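Biologist: Hi! Could you walk me through this one? I'm new to it.

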Amino acid sequence: MHIEPIAYYRTKLGTKFGVPRQSGLVPQLHGEVVLEPEYSNPDALRGIEDFEYLWLVWGFSQVGREGEWSALVRPPLLGGNRSMGVFATRSPFRPNRLGLSSVKLLGVSCDAGRLALQVAGADMADGTPVYDVKPYVAYSDAHPDARCGFVDSNEWRCLKVEFPECLRTCFADDDYAALYRLLELDPRPQYHSDPTRVYGMVFAGYDVRFRVSENGVLEVVEVVKT
C-alpha cells in the first residue's frame, strides 16, 4: 500500500531535537495541521469541532532512511542503556516509520482556502507529514487502569531551568511557557552527560543554547536568531 500525506504539521520547533518524547507532555506547545490542497474541503472536517481530542497518524520524516529498522531499541525512559523489542516501544526506528499521537483540538481555521486544525500537545517537528486524522473517543480509547510495562516503573526526571531574563524577552509569553516546559523535560539524548557541552534547540526562529550541570540544572547561555 502506498500512502501520501493529507497534511503537514506546522509548529515553532524547527528540528526533531527538543520534540517532546510523547504527545501531551507539553500542552503549552501549539501547532497546526495544514491540509494539502486536494483535501482542503471543509466538508471533510464537518463535525470535528465537537471532539476535544484527535488522533494523528504521521511519519517519522527526520529519522534515518525508510526501510531501516531494528528489532531491539533503547528507550530514552530507560536511560538509553537497556534494550527492548521495537514493538514494545514507541521508538521511531520502525519498519514503516509511522507515529501515533493524541492532541487537543483548539479549533479549525480557513483562510484563503488554507484549511488547518489548530492543536496543542503534539510531539512532532515542523514539516512532519500527517497521513490521517481520527477523533479521540474516550469510551473506547481511554484505559486509565491499564498496565504499561516498563513505563510504570520509570519516571522522567525534570530539570531545574535557569533562563536569564535578558534572554527570556526574545519570546512572547505563550512561546516562553512552551519553551520552558520543553527544557524542563531534558531534550538531550539520555546517554549524554557532559556538563561542559553546549546544546542548541531551534524554537520560534531562535537557536536556544544551553548546558546541563551534573546536579540537574539546565542553564540557558545564549539565544541566537536563526
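Modeller: Buried means under 20% relative accessible area, exposed over 50%, and partly exposed in between (1.4 Å probe, protein chains only). Keep in mind that this is a predicted model, where local features need pLDDT of at least 70, side-chain atom pairs count only at pLDDT 80 or more, and totals for chains, interfaces and linings use all residues. Residues are numbered from 1 along each chain as its sequence is written, and side-chain values use heavy atoms, with hydrogens and water left out.

Biologist: Which residues are buried in H3?

Modeller: Those are Asp-175, Tyr-176, Ala-178, Leu-179, Leu-182 and Leu-183. They sit on the same side of H3 because they cover an arc of only 165° around the axis. The arc is that of the directions from the helix axis to the C-beta atoms.

Biologist: And what covers the buried residues of H3?

Modeller: The cover includes strand E9 (160-162), helix H2 (165-168), strand E10 (199-203), strand E11 (206-212) and strand E12 (217-225). The labels are DSSP runs numbered from the N terminus: helices (H or I) have at least four residues, strands (E) at least two.

Biologist: How many residues does H3 have, and how far does it reach?

Modeller: H3 has 12 residues, 173-184, and goes 16 Å from its first C-alpha to its last, close to the 16 Å expected at 1.5 Å a residue. The expected span is 1.5 Å times one less than the number of residues.

Biologist: What follows H3?

Modeller: Asp-186 does, with a positive phi near 65°. Asp-186 belongs to the loop between H3 and E10.

Biologist: Is Asp-186 buried or exposed, and what does it touch?

Modeller: Asp-186 is buried, at 6% relative accessible area. Not counting residues up to four places away in sequence, Asp-186 touches Arg-21 and Leu-159. Contact here means heavy atoms within 4.5 Å.

Biologist: Where does Ala-112 lie, and what is its phi?

Modeller: Ala-112 is in the loop between E6 and strand E7 (114-120). Its phi is positive, about 55°, although Ala-112 is not a glycine. Ala-112 is exposed, with a relative accessible area of 81%.

Biologist: What about Ala-204?

Modeller: Ala-204 has a positive phi of about 55° and is not a glycine either. You'll find Ala-204 in the loop between E10 and E11, partly exposed at 22% relative accessible area.

Biologist: Changing topic: which residues make the nonpolar surface patch?

Modeller: Met-1, Ile-3 and Leu-98 make that patch, about 360 Å². Leu-98 is in strand E6 (residues 98-111) and is partly exposed, with a relative accessible area of 36%.

Biologist: What counts as a patch?

Modeller: Patches are made of residues with over 30% relative accessible area and no salt bridge; like charges are joined within 9 Å, and nonpolar side chains (Val, Leu, Ile, Met, Phe, Trp, Tyr) within 5 Å. A salt bridge is a side-chain nitrogen of Lys or Arg within 4 Å of a carboxyl oxygen of Asp or Glu. Accessible areas come from the Shrake-Rupley method with a 1.4 Å probe, and for residues only the protein chains shown count as cover.

Biologist: One last thing: which residues is Thr-15 in contact with?

Modeller: Leaving aside neighbours within four places in sequence, Thr-15 contacts Gln-62, Ala-125 and Val-202. Thr-15 is in the loop between strand E1 (7-11) and strand E2 (30-35).
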